[in-house]
Amino acid sequence: MAVKVNDSCIGCGACESICDAVFSVDGVAQVNESAVADNMDCVKEAADSCPVGAIEVE
Ligand code: SF4
């Protein structure tokens with residue numbers, strides 16, 4: 001699985017609140033790739049919760 005945050009991110013912090021092992025927000029969300037595999041449930045939840053659909057899971 002690859003997780004990417006696209007340019008739509010508005011830095012709201014929701015993804016970090018839901019899945020802080022993977023997402024950290026510093027202006028815009030950053031992805032900790034090495035934590036993705038162990039945290040797919042909350043990655044998907046964060047992607048569903050992102051208000052602008054900026055989290056792309058492939
Ligand atoms: S939830 Fe979406 S808009 Fe908010 S910080 Fe995360 S990626 Fe950006």
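**Exercise 1.** Determine whether Cys42 is buried or exposed.

*Solution.* Buried means under 20% relative accessible area, exposed over 50%, and partly exposed in between (1.4 Å probe, protein chains only). Cys42 has 18% relative accessibility, so Cys42 counts as buried. Cys19, at 1%, is likewise buried. The model is predicted: local features need pLDDT of at least 70, side-chain atom pairs count only at pLDDT 80 or more, and totals for chains, interfaces and linings use all residues. Residues are numbered from 1 along each chain as its sequence is written, and side-chain values use heavy atoms, with hydrogens and water left out.

**Exercise 2.** Identify which residue is joined to Cys42 by a disulfide, and state the handedness of the bond.

*Solution.* A disulfide is a pair of cysteine sulfur atoms within 2.5 Å. The partner of Cys42 is Cys19, with an S to S distance of 1.9 Å. A search of the whole structure finds one disulfide. The torsion about the S-S bond of Cys19 and Cys42 is about 45 degrees, so this disulfide is right-handed. Cys19 belongs to the loop between helix 1 (14-18) and strand 2 (23-26), whereas Cys42 is in helix 2 (residues 40-49); the pair therefore ties together parts 23 residues apart in sequence. Helices (H or I, at least four residues) and strands (E, at least two) are DSSP runs, numbered from the N terminus.
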